[in-house]
6 protein chains.
Amino acid sequence: MHIRVITPITTHGYSPLDGFREYVDAATVLSQVELDHGPASIECEFDEMLAAPATVARAIAAEREGVDAVVIDCMGDPGLQAAREAVQIPVLGPCEACMHVAAMMGQAFSVLTVLDTTSPGFVKRARVYGVADRLASVRSVNIPVLSLKGDHSPVLAALTEQAVQVVRDDGAHVIIFGCTGMKGLAGALGAELAAQGYGGVPVIDPMPTTLRMAEAFAKVGIQHSRRTYHTPPRKRIDGYSFLGL
Amino acid sequence: MHIRVITPITTHGYSPLDGFREYVDAATVLSQVELDHGPASIECEFDEMLAAPATVARAIAAEREGVDAVVIDCMGDPGLQAAREAVQIPVLGPCEACMHVAAMMGQAFSVLTVLDTTSPGFVKRARVYGVADRLASVRSVNIPVLSLKGDHSPVLAALTEQAVQVVRDDGAHVIIFGCTGMKGLAGALGAELAAQGYGGVPVIDPMPTTLRMAEAFAKVGIQHSRRTYHTPPRKRIDGYSFLGL
Amino acid sequence: MHIRVITPITTHGYSPLDGFREYVDAATVLSQVELDHGPASIECEFDEMLAAPATVARAIAAEREGVDAVVIDCMGDPGLQAAREAVQIPVLGPCEACMHVAAMMGQAFSVLTVLDTTSPGFVKRARVYGVADRLASVRSVNIPVLSLKGDHSPVLAALTEQAVQVVRDDGAHVIIFGCTGMKGLAGALGAELAAQGYGGVPVIDPMPTTLRMAEAFAKVGIQHSRRTYHTPPRKRIDGYSFLGL
Amino acid sequence: MHIRVITPITTHGYSPLDGFREYVDAATVLSQVELDHGPASIECEFDEMLAAPATVARAIAAEREGVDAVVIDCMGDPGLQAAREAVQIPVLGPCEACMHVAAMMGQAFSVLTVLDTTSPGFVKRARVYGVADRLASVRSVNIPVLSLKGDHSPVLAALTEQAVQVVRDDGAHVIIFGCTGMKGLAGALGAELAAQGYGGVPVIDPMPTTLRMAEAFAKVGIQHSRRTYHTPPRKRIDGYSFLGL
Amino acid sequence: MHIRVITPITTHGYSPLDGFREYVDAATVLSQVELDHGPASIECEFDEMLAAPATVARAIAAEREGVDAVVIDCMGDPGLQAAREAVQIPVLGPCEACMHVAAMMGQAFSVLTVLDTTSPGFVKRARVYGVADRLASVRSVNIPVLSLKGDHSPVLAALTEQAVQVVRDDGAHVIIFGCTGMKGLAGALGAELAAQGYGGVPVIDPMPTTLRMAEAFAKVGIQHSRRTYHTPPRKRIDGYSFLGL
Amino acid sequence: MHIRVITPITTHGYSPLDGFREYVDAATVLSQVELDHGPASIECEFDEMLAAPATVARAIAAEREGVDAVVIDCMGDPGLQAAREAVQIPVLGPCEACMHVAAMMGQAFSVLTVLDTTSPGFVKRARVYGVADRLASVRSVNIPVLSLKGDHSPVLAALTEQAVQVVRDDGAHVIIFGCTGMKGLAGALGAELAAQGYGGVPVIDPMPTTLRMAEAFAKVGIQHSRRTYHTPPRKRIDGYSFLGL
């Protein structure tokens, strides 16, 4: 079993491979690639658009190398649909995976994201994924992606403040982190919520959840439908030779 | 890691534990219980209702024994919500899990079930689970649950006939087996479909998929929301002493 | 015309038959049964599950006795679908009936229920019944079912407090009582609302409304569809002999 | 108890009062008015529009006369919302009432109507009433409203032909007549369906059902919400003096 | 190109033709008619009903005169569907047109209307037009239609107060004026919102938008479907001879 | 008034500017750009992804040059959301515009597209745009984009064959061309449909419709919401220097 994490940004070293190891089986080979063509971080549709081509190229390369499943390391799920058209191995986007898991785990869920610029994308993706009725709200902590790393205290404080609001005011029964860069804070946030009287609210940490889903899909042989994701018709592509398409 | 399969019928030996082993990790402890109180098989809401109390009792017992996750071995998901109220460990119903997986894998899915008596329940559950917009159709092979076992040929032939229709006429891009007793036929059905010109349609085999999801949930620590699934208020219960509640 | 009220709890005498007589025609025969097997009250999915088998057994007995229609005396509608499979006479659940009446009477409705433990069930049932778009909110008065009886003052005060919020903040145009045990308080609550400047909001009292609907259905010969509610396939049932199934 | 039927067409004597008596209690006073201003029959939105003002005027008059509830005798529900604004007594439209009853009685319903010109109105009303998800289809028998009366044989034959299609091909579990002029044919249609192997499908006859609902609403004191149906602001109305507004 | 504005009220001179000229091409012939039969203003369903017949008669006359497109000058869209049945030239209602434009321009929209009596109609129309999921809220400024004209200051102040709430509290990303009589205030409201920190929210002024859409539809030859809007069957109409139908 | 058409493919000369002139005012300046980086044609999500970055770069350039509105010349709407984030002038995608126009013009619409590979994208976009309930079906003529040009006879024949099916079998009341390359065939298709007994079905030709909408939006000053489409946060972009971002 070999799972490839594609971290779809050009800020190298943002999410080191070591940080993912505890979320896969000991026997699972885990590898990671980042991008050379794309944005430093992903905080809007424009960034996702620029991240998508190289992400899909990385997915194609992964399949050629015999990788068993691909996980895109960004809650924007950049290139998810196009990658599924391009390859047959499972490609998982954490936003899609976590929204469906959240829909299973409770009546309604909210997303805690980094910046307001990312919020409309979550609403759009909930509509695409078919779970918009379960999306209670999207709130942001107003911290850019690249500032999430380092001291966790202000991030946790901001997450807690917003989390209380989505539970108390918006009707959230489940919380999803809106950025894979928030990895590792789910337990602490759950504890903070419980301390403030809002216990029992699952906090879904995107990459751990999606990596485990990817392992599960690969083990059981679940693939995406070729009637939804057709192989792209062959044709001339100009200007993307650097991607090796 | 210990996963408990609850086969919620009183026909003992219908789905032996051995048949599930290949769908969990070698290191995962897998155990199984069946029911002493309930129906011989589950083919309608009435049967589900009678299966639910003992199923939930089995889930409570599993939690007390230190089991990590429970999987209900029936696409009717009998007792799913009540079990989640009663315990904190993950309880997975294959209908809920597979409908969400199917919604991730393609634009729309159909269910191939045993009898027409079970069809309305699938529509109802799709509504409860929030994926009714993705449910293309439910078609039945007109074979009772207890007749699925034995010679696979007539079951596969009937599944193929219905599968062609859901893909060709109903717009299904993904197929879900409507009975856990159809286990093991997904590969053969996919091949039959491909042979008839309908390749690329994933066929989701409920128990393998749900067991892998249960492992994933248990490993990552995903739990259901206590704001959706509250602990039942303590009160007098009459006439269910045989369940040990 | 003979209507049978099934009060699906084992707390005998909670809702005496006399209290229902004014809500049916003088010529209508009204009878009542309670349960010997089930919960003392119904405040969550777990309780509903335990109430359902005996409730359905009571519905079957009612049909055998020549009763014209059955009304389940609980807003959880325990056993509703299974009972409809089992019998041909109309079986009404007050939650289903009142949610549809509320949808007819105004743009959106809220449910005022007893405990938070019951709230998710209302959301689920609204989804099953097809009126989730009209459900503005569910709020609870934080009073257990068995504490509703006796002095009405604190119950009315709590209902009024929540009612103001659903109208003022949640957009409710119609209110439904979330427990049949609140019977008789609709007029007083409407008056309290009007006194606080929120007049013109219908308050639907579940059992009076559902009894009248049951009479209407029986008189006009409305039955549930046998294509949705199929007769349960005959099979061995274990451990429910006490129900006389 | 006094119920007023408003037959909102200018073809006097189309649906005589005597034909409705069996659908109300012996003690219920039943009266009827027709229109002097409006269309000879109602077969499109244009006709409904022309029927509405006089229908609402009749509802206002009914309330002034002390009538307890009003039933509009047309599946187009002409003037329903405006009438509810204008009066406080219950006003029932058979399309709204029967669509909600059908939604209670089965998984999905179809409407069998007179002409294709009326079909889009049913889709629109299903959307307004919140039950569009339950509307399987609308099919017409291609017989004008004023030709329904007289020999029932061709009407029943045409209804049967369409009914088979909605059940077999469209997924209808319940059937609603799309014109109140089809009154009395529900039993015969149900028998024809059963004879052709499609038994167990309730056929809802609009006026009997709605009259019984009106009695039920009036007895229990159910009124429409004044937050949805506000009293019209007083103002100058020109050119409708003949209506006595 | 000739566009006819039908101002569907009997308060003559309320919205003079001159006020619309800047919103059409210099080469477009613009004409206007008002009503002789109907309400002084439109503030509820009752008013819309009374405005509809004469509005449709005006649309029929417009088509006979060779007009290329009709715009109904009221956010209640009175007579829209019936007019489309009656004529083949495009008939635009500003509520329908602006709700679809708003759905294109942002994630969710709110309507700022005159009186609470008009609010439920907007919810209903959003359901009919298929955009209810995008309707964040309807709030009213509590100023009658006929009081909008004259000094703009109090109207603008009231609009600003409500606009801040729909953006800050209700999640509106786009605002639509709920009355065509608010014409001309969109720019000022946008500036006020920006001054209070809520910039970037488009404010849709109904008549300018709808007139431009009407020109566009007429130029490109877009017509409504005759399968949705069938020609009304010919029949006797009583009491509307004054309309010249 | 200056409108820029971005033809987002690298097959230069596919849709010459001259072919669009008749669809804008004589006074409107119309200009066109094609892509140097991207696919030869757009027939799946993968192609759209590759077309998007250069399309957005073209939109940014257009705004800098003082263009008043941008129209993307592809029914995949590649880059639509990202372009709106990047610029303040109106950016119209023909799929979004035509789906909303179709929703206004009739009860339900179908899309006639080129290849099955494009079909899932239309379903996805209908979900994103909020009109999925109005999408009756998507059917393809099985002709690649680059084969549409030249002899129109086979294209028209194939369109007619599919059009009859969407109207007769799928319930379409309006038809939208699924490729802007079908430009000019709407009138002929409408005539063919009428000749086969399916008259009165509007056929929406994407680019004429969208160009007229763009003119309308620019004239009235309609802009997209900055709360949905935020300005992208400034950051390092690698590997797209050729786009001049």
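This is a predicted model: local features need pLDDT of at least 70, side-chain atom pairs count only at pLDDT 80 or more; totals for chains, interfaces and linings use all residues.
Chain A is divided into two parts, of which domain 1 takes in residues 2–93 + 207–243 and domain 2 takes in residues 95–206. The C-alpha centres of these two domains of chain A lie 22 Å apart, and 22 residues of domain 1 are in contact with 22 residues of domain 2. On the side of domain 1 that touches domain 2, the largest share, 5 residues, comes from helix 7 (residues 206–220) of chain A, and the residues of this side comprise 10 nonpolar, 8 polar and 4 charged.

Between chains A and F, 41 residues of chain A are in contact with 41 residues of chain F. Several elements of chain A each supply at least two residues to the side that touches chain F, among them helix 2 (80–86) and helix 4 (119–129), while helix 1 of chain A gives the most, with 8 residues. By class, this side of chain A has 20 nonpolar, 10 polar and 11 charged residues. Strand 10 of chain A and strand 3 (residues 38–39) of chain F run antiparallel and are joined by 2 bridges, with F:Gly38 as the bridge partner of A:Asp238.

In chain D, helix 4 (residues 119–129) is largely enclosed by the rest of the structure, because 10 of its 11 residues are buried. Among these buried residues are D:Phe122, D:Val123, D:Arg125 and D:Tyr129. The buried residues of helix 4 of chain D pack against helix 1, helix 3, strand 6 and strand 7 of chain D, together with helix 4 of chain E. Just after helix 4 of chain D, D:Gly130 takes a positive phi of about 85°.

Note on methods. Residues are numbered from 1 along each chain as its sequence is written. Chains are lettered from A and ligands numbered from 1 in the order in which they are written. Domain bounds come from an automatic or database domain assignment. Two residues are in contact if their C-beta atoms, placed from the backbone, lie within 7 Å. Helices (H or I, at least four residues) and strands (E, at least two) are DSSP runs, numbered from the N terminus. Ala, Val, Leu, Ile, Met, Phe, Trp, Tyr, Cys and Pro count as nonpolar, Asp, Glu, Lys and Arg as charged, and the others, Gly among them, as polar. A residue is buried if 20 or more other C-beta atoms lie within 10 Å of its own, exposed if 12 or fewer, and partly exposed in between; C-beta atoms are placed from the backbone. Two strands pair if DSSP finds at least two bridges between them.
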